[in-house]
Amino acid sequence: MSKKDKHVDAVIIGAGAGGGVVAKELATNGIQVVLFERGGWARYDADSNDELTSMRGPMTRTLGPDLKKNPRVRIVGKGDERKVLTEKGYGSHIASCVGSGTVVYGAMAWRYMPEDFKMVSTYGKVEDSTLADWPISYDDLEPYYEKAEWEIGVSGEAGANPYEPKRNKPYPMPAFEQNEDGKVLSAACNRLGLHPFSIPMARNSVPYDGRAGCLRRNTCAGYACPVSAKNGTHNTVIPKAIASGNCELRTNCQVVEVIIDDDGHARGIRYFDENNEERIQTADLVVVSSSATETARLLLNSKSKKFPNGAGNNNDWVGRNLQSHAYTGARGFFEDNIHSFKGPGSTMAICDFNHHNPGIIGGGLLANEFYQLPYGFTKTRPPQSPRWGAGHKTFQRENFFKFAQMVGPIQEMPNFHSRITTYDK
């Protein structure tokens, strides 16, 4: 029989971008919280800037999860089921540590544009898509964007992006200087009549909130920060939640079910602790903040009399409309060396194509992301270029510092059939 823990006001599942913020808001307002995380604290010494390890096996490091203990299957088509193996390119980077993806993300700090909240009103209905307007607007969220930017810490220049929606307060820190390839790309954009600017970053350009300013290392996106200048929930709101005395953080705990009573109310969770012992934690409030995939998996696993197909899933919408990061852009080689090896990664962007592109629904930003490192550069080759041996090494030496790119995520259309589901076999 599962052991029962002392009842608390609230349980939060997932100590990431969402869960960390909720924990701070509840705990600092006098609500007793237990914050669950299936991983532990990320330590820079144990997660160093080893590019080879990062490129070959991110799911074995900070990003988790341990696929041997918690396997995944990707269903590509009828009869085409593949085990999720990162080295084969099938896996998503789902974080498993305190702070979650905010430990290793690229830390761009964008606000949605007004059109993003009203896509159907802007573009009309899209055939075979579940695209819909949000029930809230940019104006509703603007005060909360501002609060997050000042509490987490964002570097940027208000008004530098002419397409930026209105804001009532500047950024708390100045923008980062653009790196060398960023300067070259910005100059080219200006010649084309485009509008380049320095990207707003959840990263300290100067010392902020008791933490150091960025060292401008080139191993940033995909890696932990050695001086805690990259701002995530692990070094901002979660410590404040714990310091309030009202938040207990339980690491290395795997939550497997939200317990729901016969009336359909969440009453707690069932989980396995760091010793793999099954336990029950009851609470008045249960917050599930475990990423798009893991939240859906947990809810689908939480069956009850009221919800026989999973919590909240009587209409078969849980886990539906899954979207990822589809990218577009261009890469190119220059005659001169423009790659300075200076971080923190992306520094410039344009938003000229975010919306109102003829014949296209939505659009997207373009930026000089991601920062290219030597191993990753081995995958960047023009057609027919040598990929092995002396020719490959020569290309690597002669072109690595001459390379630049502008890429970015595009607007994806939600689709009812793209989904997360449980898998029993």
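Modeller: Let us begin with helix H8, residues 291–300, in which Thr293, Glu294, Thr295, Ala296, Leu298 and Leu300 are buried. The model is predicted, so local features need pLDDT of at least 70 and side-chain atom pairs pLDDT 80 or more, while totals for chains, interfaces and linings use all residues. Residues are numbered from 1 along each chain as its sequence is written, and side-chain values use heavy atoms, without hydrogens and water.

Biologist: What makes a residue buried, and what makes a run of residues a helix?

Modeller: Buried means under 20% relative accessible area, exposed means over 50%, and partly exposed lies in between, with a 1.4 Å probe and protein chains only. Helices (H or I, at least four residues) and strands (E, at least two) are DSSP runs, numbered from the N terminus.

Biologist: What covers the buried residues of H8?

Modeller: The cover includes strand S2 (8–13), strand S8 (254–260) and strand S10 (278–288).

Biologist: Why are the buried residues of H10 said to line one face of the helix?

Modeller: In H10, residues 389–399, the buried positions are His392, Phe395, Gln396 and Asn399. Viewed along the axis of H10, they fall within an arc of 100°, and therefore they line one face; the arc is that of the directions from the helix axis to the C-beta atoms. On the other side of H10, Ala390, Lys393, Arg397 and Glu398 are exposed. The buried residues of H10 pack against strand S11 (327–333), helix H9 (374–377) and strand S14 (403–409).

Biologist: Why is Lys24 called buried, and what is it in contact with?

Modeller: Lys24 lies in helix H1, residues 17–27. Its relative accessibility is 12%, and the limit for buried is under 20%, so the word applies. Apart from neighbours within four places in sequence, Lys24 is in contact (heavy atoms within 4.5 Å) with Glu151, Val237, Lys240 and Ala241.

Biologist: Why is the pair of Trp110 and Phe197 called edge-to-face?

Modeller: Rings of Phe, Tyr and Trp (its six-membered ring) pair if their centres lie within 6.5 Å; planes under 30 degrees apart count as stacked, over 60 as edge-to-face and the rest as tilted. A search of the whole structure finds 14 aromatic pairs. For Trp110 and Phe197 the centres are 6.0 Å apart and the planes stand at 90°, so this pair is edge-to-face. The pair links distant parts of the chain, 87 residues apart: Trp110 is in the loop between strand S5 (80–83) and helix H3 (114–117), and Phe197 is in strand S6 (residues 197–198). Trp110 is partly exposed at 27%, whereas Phe197 is buried at 5%.

Biologist: Which other salt bridge does Arg250 form with Glu248, and at what N to O distance?

Modeller: The side chains of Arg250 and Glu248 meet at 2.9 Å, N to O. Glu248 is partly exposed at 39%, and Arg250 is buried at 14%. Asp5, Glu248, Arg250, Asp273 and Arg279 are linked in a network of salt bridges. The structure holds 25 salt bridges.

How values were computed:
A salt bridge is a side-chain nitrogen of Lys or Arg within 4 Å of a carboxyl oxygen of Asp or Glu.
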